[in-house]
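Reader: I have a chain open and want a quick walk through its fold. Can you take me through it?

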Amino acid sequence: MSFWIKICSLIVLLFFISSCADYKPVIDFRGSEKKGADLERYDDDLSSCKKLAEQTVPDAEHKIEKVLIPSKNDLVAWHYKNNENYKTLVFFHGNAGGLSNRVYKLNELSKLKLNYLIFAYRGFNGNNGKPTEEGLYEDADKVINWLKSKEIYEKDIILYGESLGTAIAIHTG
């Protein structure tokens, strides 16, 4: 199967998964029940960000490593390494909700022959800073550089964007 057929198949699969999933309220990492856009941004201090990275991932059906990616505003990220020989999908999320709103998609991604990394932009999911267009592009570059530092090469990286994240993924590519 050609590379582009695989990519198109993955995009269709992810679209199908996202359109069929039931919306559920999520518990944010502070313990209060909130819905999608209410989880959009948190401008906490770095200590809250580090506490956030130590929490478990709610409803995950596989082991996810939480990491902080060095940046002007350290970025909370979840990394799933299925097999070091597989490609790594970088998940650029949309502007509503936090990382935990995407767990149902991550559970499905974990069943495929790939690894993934999903991260929160500055000003989202407990990260410091205010989101700006240039800042989001900078965050994306830091994520790609972090993957390269882990010996994951550009040829082995797949960029996937959802809503706002699509523009960032396109710019990064």
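**Walking through the fold**

Author: Along the sequence, the chain reads α-β-β-α-β-β-β-α-β-α-β-α. This is a predicted model.

Reader: How many helices and strands does the secondary structure come to?

Author: Five helices and seven strands.

Reader: How much of the chain counts as buried?

Author: 45% of the 173 residues.

Reader: And what share of the contacts with a separation of 6 or more comes from residues 24 or more positions apart?

Author: Those residues account for 70% of them.

Reader: Next pair. In which sense do strand 4 and strand 6 pair?

Author: Antiparallel, over four bridges. Here Tyr80 stands opposite Tyr116 in strand 6.

Reader: And strand 5 with strand 6, parallel or antiparallel?

Author: Parallel, over five bridges. Phe91 stands opposite Ile118 in strand 6.

Reader: What holds pairs like these together, in general?

Author: Strands of a sheet pair through backbone hydrogen bonds, either parallel or antiparallel.

Reader: Stay with strand 6. Why is it described as largely enclosed?

Author: Five of the five residues of strand 6 are buried, so the rest of the structure largely encloses it.

Reader: Which residues lie on each side of strand 6?

Author: Asn115, Leu117 and Phe119 are on one side. Tyr116 and Ile118 are on the other. Both faces are covered, and all of these residues are buried.

Reader: Zoom in on Ile118. What is its relative accessibility?

Author: 0%, so Ile118 counts as buried.

Reader: What is Ile118 in contact with, leaving aside neighbours within four places in sequence?

Author: Ala77, Trp78, Phe91, Leu99, Arg102 and Leu106. Phe91 is also the residue that stands opposite Ile118 in the strand pairing.

Reader: How far apart are Ile118 and Lys66?

Author: They are 52 residues apart in sequence. In space the distance is 9.8 Å, C-alpha to C-alpha.

Reader: At what angle do helix 4 and helix 5 pack?

Author: About 60°, with their axes 10 Å apart. That makes helix 4 oblique to helix 5.

Reader: Is the crossing of helix 4 and helix 5 left-handed or right-handed?

Author: Right-handed.

Reader: Which residues meet there?

Author: Helix 4 brings Leu136, Tyr137, Ala140 and Ile144. In helix 5 they meet Leu164, Ala167, Ile168, His171 and Thr172. By class, that contact has seven nonpolar residues, two polar and no charged ones.

Reader: Backbone check now. Which residues other than glycine have a positive phi?

Author: Asn125 is one of them, with phi of about 55°. Glu151 is another, with phi near 60°.

Reader: Where is Asn125, and is it buried or exposed?

Author: Asn125 is in the loop between strand 6 and helix 4. Its relative accessibility is 7%, so it counts as buried.

Reader: And Glu151, where is its place?

Author: Glu151 is in the loop between helix 4 and strand 7.

Reader: Why does Glu151 get its accessibility class?

Author: Its relative accessibility is 59%, so Glu151 counts as exposed. The cut-off for exposed is over 50%.

Terms used: Residues numbered from 1 in each chain as written. Predicted model: local features only at pLDDT ≥ 70, side-chain atom pairs only at ≥ 80, totals over all residues. Heavy atoms only, no water. Axes fitted to C-alpha atoms, helices over the stretch in contact; angles between N-to-C directions. Helix = DSSP H or I, 4+ residues; strand = E, 2+ residues; numbered from the N terminus. Parallel < 35°, antiparallel > 145°, perpendicular 65-115°, else oblique. Left-handed = near helix turned anticlockwise from the far one by under 90°. Contact = heavy atoms within 4.5 Å. Nonpolar A, V, L, I, M, F, W, Y, C, P; charged D, E, K, R; others polar. Buried < 20%, exposed > 50% of the residue type's maximum accessible area, 1.4 Å probe, protein only. Pairing = 2+ DSSP bridges.
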